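Hi there,

Here is the structure I promised to pass on.

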Amino acid sequence: MAFREEHELHTRRRGRNMAVGLLLGGFVLLVFAVSIVKLSQPQTEDIHAPNYASEAGE
Amino acid sequence: MSDASWSKSFEHEAQFGDYLELLKPRVMRLVVFTAAVGLFCAPVPVHPVIAFAAILCIAVGAGASGALNMWFDRDIDAVMKRTQARPIPSGRVQPGEALAIGLTLSFLSVMMLGLFANLFAAALLAFTIFYYAVFYSMWLKRATPQNIVVGGAAGAFPPMIGWAVATGGTGLEPLRLFALILIWTPPHFWALALWRNDDYKAANIPMLPVARGPVVTRRYIFGYALLLVPVSVAPAFTSIGGALYFGMAVVLNTILLIGAWRILRRDEAAVAADRFRTEKRFFGFTIVYLFLHFTVLLLEATLRGLDLSLNWI
């Protein structure tokens, strides 16, 4: 079985795999960015948290 | 599995673009736009990163329902000229793949919207996907000539979801935006259905022109255009509207009524003479009509943000 041989199939799949990889990378970045924003915004739920505000937005 | 069948199964392997097409990118664009307007018109400011993430979730959710719709409608899509080139009927994507993508993206988009924004917005998105994929696609589309009236609601939810992302709830304003798209959809699609009649007949879908004939359809288009006038003007008298919106609505509704009146007065001889020119122009105009309504709402929101809004009521 010559699986190592470059088949037309592999070239076709390369584009698809790259796109899926970029998509997943983008998703990770998005979750990271939203986490940073959420953690740095004032919140009213946890009184001991450093970003606690008696009313959000204060 | 023989060697021949092994290589054959990879012959039509879908490319990334084919999967993207399952998500109906053109419908997604409208969803992104109306959801963004709903979000930015809301009285609560949203952090740009959260706004971006939330709108992305709404777009992916809409795309997922599009993939589920293509999965279910693959039999009729193969019959209709307008839809024959879609990924499933053209053989580029397997039905099972479309179903898997639709379900996965539905769950993912709803879950992420719940985490990024709030549970109310996520619940609304989940309901929208269910409404479009199950209630409309699987049931009403093939069951009643009023399918478009009911289906229009699915397209009308995005601005409500956008508003819910910002406020965590709903109100008079998002409901009026909902009503605007809901009442706009039937005349928009019936104008298209008038000249796509043969397609729907072939697929055995009870669109109004198929089930009740073109004369009744023309009356319905005019009736809905009349109904659309007060619905379109109504947001002007809420916190998201203003003098600019009111002025725009008056102009656009005048053009709409003239177009609908022309459609009402036409008979089949006139249609045969110019090959649905009036209907096609009316269809094109309805797209501009809705786009301008939401653009001006965005403009009003920007003016309010800059404190330049006219205090007119």
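Below is what I found, starting with confidence and then moving through the two chains.

First, please keep in mind that this is a predicted model. The predictor gives the complex an ipTM of 0.82 and a pTM of 0.89. Chain B has an average pLDDT of 91, and 95% of its residues score at least 70.

**How the two chains meet**

Chain A has one helix and zero strands. Of its 58 residues, 2% count as buried. Where the chains touch, nine residues of chain B are in contact with 10 residues of chain A. On the chain B side, α4(B) supplies the largest share, three residues. Sorted by class, that side of chain B holds six nonpolar, two polar and one charged residues.

**Helix α3 of chain B**

Which residues of α3(B) are buried? They are V31(B), F33(B), T34(B), A35(B), A36(B), V37(B), G38(B), L39(B), F40(B) and C41(B). These buried residues pack against four helices of chain B: α4 (48–72), α8 (147–167), α9 (172–195) and α15 (277–305).

The pairing with α4(B) is worth a look on screen. The two helices pack at an angle of about 145°, and their axes lie 9 Å apart. Their crossing is right-handed. From α3(B), the contact draws on V27(B), M28(B), V31(B), V32(B), A35(B), A36(B) and L39(B). From α4(B) come A51(B), I55(B), I58(B), A59(B), A62(B), G63(B) and G66(B). Taken by class, the residues of this contact are 12 nonpolar and two polar, with no charged ones.

G162(B) sits in helix α8 of chain B. Is this glycine buried or exposed? G162(B) counts as buried because 32 C-beta neighbours fall inside 10 Å, and the cut-off for buried is 20 or more. Beyond its neighbours within four places in sequence, G162(B) is in contact with A35(B), A36(B), V37(B), G38(B) and L39(B), and also with I58(B). The C-alpha atoms of G162(B) and V37(B) are 7.3 Å apart, although 125 residues separate the two along the chain.

**Two residues with positive phi**

Finally, two backbone details in loops. K24(B) lies in the loop between α2 (16–22) and α3 of chain B. Its phi is near 50°, a positive value in a residue other than glycine. With 19 other C-beta atoms within 10 Å, K24(B) is partly exposed.

N204(B) is in the loop between α10 (197–203) and α11 (208–211) of chain B. Phi of N204(B) is near 65°, again positive in a residue other than glycine. Why does N204(B) count as exposed? The reason is that N204(B) has 11 C-beta neighbours inside 10 Å, and a residue with 12 or fewer is classed as exposed.

Definitions and conventions
Residues are numbered from 1 along each chain as its sequence is written. Chains are lettered from A and ligands numbered from 1 in the order in which they are written. This is a predicted model: local features need pLDDT of at least 70, side-chain atom pairs count only at pLDDT 80 or more; totals for chains, interfaces and linings use all residues. Two residues are in contact if their C-beta atoms, placed from the backbone, lie within 7 Å. Axes are lines fitted to C-alpha atoms, for helices over the stretch in contact, and angles run from 0 to 180 degrees between N-to-C directions. A crossing is left-handed if the near helix is turned anticlockwise from the far one by less than a right angle, and right-handed if clockwise. Ala, Val, Leu, Ile, Met, Phe, Trp, Tyr, Cys and Pro count as nonpolar, Asp, Glu, Lys and Arg as charged, and the others, Gly among them, as polar. pLDDT is the predictor's confidence in each residue, from 0 to 100.
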